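Thanks for coming, everyone. I would like to take a few minutes to walk through a structure that is new to this group, beginning with the whole chain and then turning to one part of it.

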Amino acid sequence: MQGFLDIVNNIFTPIIDMGSGVVMLIVMTVLAMAFGVKFSKALEGGIKLAIALTGIGAIINILTSAFSASLQSFVENTGISLNVIDVGWAPLATITWGSPYTLYFLLIMLLINIVMIIMKKTNTLDVDIFNIWHLSITGLLIMWYAERNNLPTILAVIIATIAIVLVGVLKIINSDLMKPTFDDLMGTGSHSPMTSTHMNYMLNPVIMIFDKIFDKFFPGLDKYDFDAAKLNKAIGFWGSKFFIGMILGFVIGIMGDPSFTRESISSWFGLGFTAGACLELFSLIGSWFIAAVEPLSQGITDFANSKMAGRRFNIGLDWPFIAGRAEIWACANILAPIMLIEAVLLSKVGNGILPLAGIIAMGLTPALLVVTRGRLLRMIIFGSLLLPLFLLSGTMIAPFATELAKKVGAFPAGAQAGSMITHSTLEGPMEKLFGYFIGQATTGQISAVITFIIFTVIYLALFAWYVKEMKKRNAAYEAKQS
């Protein structure tokens, strides 16, 4: 194993030193061709991904440069330290894909998925290749802690691999469980192949606890639920990304300089327009990532169909195929100001993040939709209660993310010295805590090992309970159709 990793590092280190864009251009092109995609289409996907990564990096540098002075002034004036920069998901993906271990984790999970399909433990073919980084970041976090605790690299890789396989298997099982709910939400019927293996749905078990409590103690509140499409229409441009971004820019400007001088007001508008433009560009460039991975995803799908003709598969996609549901966006718009308030209130008890790039909580709202089946009032209440979990896990991984970003040359150039980076609504907060507790356990301290065991037992027991509840739901769907 160590010899293999040494060879991989010797091959990949010179490429990685050329930058994340070059790495992903090569990786995506070669992988797509390996699955039978024509060179031109494979190269197209690789170039699109490299351009998307470059574009996201440029936007992050604009944001951090524009906001750093105001945030520094806010800390000096109030003593509230929110020095962890919320760079959003794309830079974290860039950083994670900058490690050769991400490719290793991808190959492991492709093999696991194939084995599960052959053994008929799943009907889902996971083609959401790009988002392996959500799993990988947990593995890299474990390795980061293990190596800091002086464990040999080979042992750190083995521990991380076991954790990745465990979470990855649960993620694939979850995609099968959710399939009937997706059919219901989309109105497609069971003939649709679409489901999702995205990490954000791994929060479903926790959300379901809230949902069951709501069923038992507050069922009467459902009569006050409201139509998301009508709400979005009523909100209009007030709930748009550019308007939310502009308001955030205003707030940050006022936090840094609350004086009502002509210069300060001009600065507020400048920050507002900058934030509005950046939030819109985040969304635009985010769609490029999905388009970039399409050739590889299609190649894997064609390969599986040709080797296992006649068997019906679910296709595990990224979450946006369900993005047409208005509840996702109505909930995200309402949660945005709530998260900003919670971030400030929690600054004295562990949160170091000022939400910005992740303020539109797409790492949470799709899972809320699936568990509640679109009951918007529940989505908003549960989301408000769960946002601190994201802020906690995001703050927790910030030292790791910052160090890794600097190592692969992806740290924002405009950031203040001493600042750290993270993503405020990074998918899989429970899995990040899982990685953290494993990392702490590598110290060998009895208390850390016991804490890890307790968390793991709770994590697995909660998932097992969730499986039973989803099977009951799916049986109800089946009975309804018969």
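Before the first figure I need one term: a residue is called buried when its relative accessible area is under 20%, and exposed when that area is over 50%. Please also keep in mind that what you see is a predicted model.

With that term in hand, the protein chain has 482 residues, of which buried residues make up 55%. If we take the contacts between residues at least 6 apart in sequence, 81% of them join residues that are at least 24 apart.

As for secondary structure, the protein chain contains 17 helices together with six strands. In what order do the three strands of the open sheet lie? The order is 2-4-3, and the pairing is parallel. At the edges we find strand 2, which covers 124-126, and strand 3, which covers 194-196, and each of these pairs on one side only. On average, and ignoring direction, neighbouring strands in this sheet are turned by 40 degrees against each other.

Looking at one pairing in detail, strand 2 and strand 4, the latter made of residues 314-317, run parallel and are joined by three bridges. Within that pairing, Thr124 has Asn314 in strand 4 as its bridge partner.

How values were computed. Residues numbered from 1 in each chain as written. Predicted model: local features only at pLDDT ≥ 70, side-chain atom pairs only at ≥ 80, totals over all residues. Heavy atoms only, no water. Helix = DSSP H or I, 4+ residues; strand = E, 2+ residues; numbered from the N terminus. Buried < 20%, exposed > 50% of the residue type's maximum accessible area, 1.4 Å probe, protein only. Contact = heavy atoms within 4.5 Å. Pairing = 2+ DSSP bridges. Axes fitted to C-alpha atoms, helices over the stretch in contact; angles between N-to-C directions.
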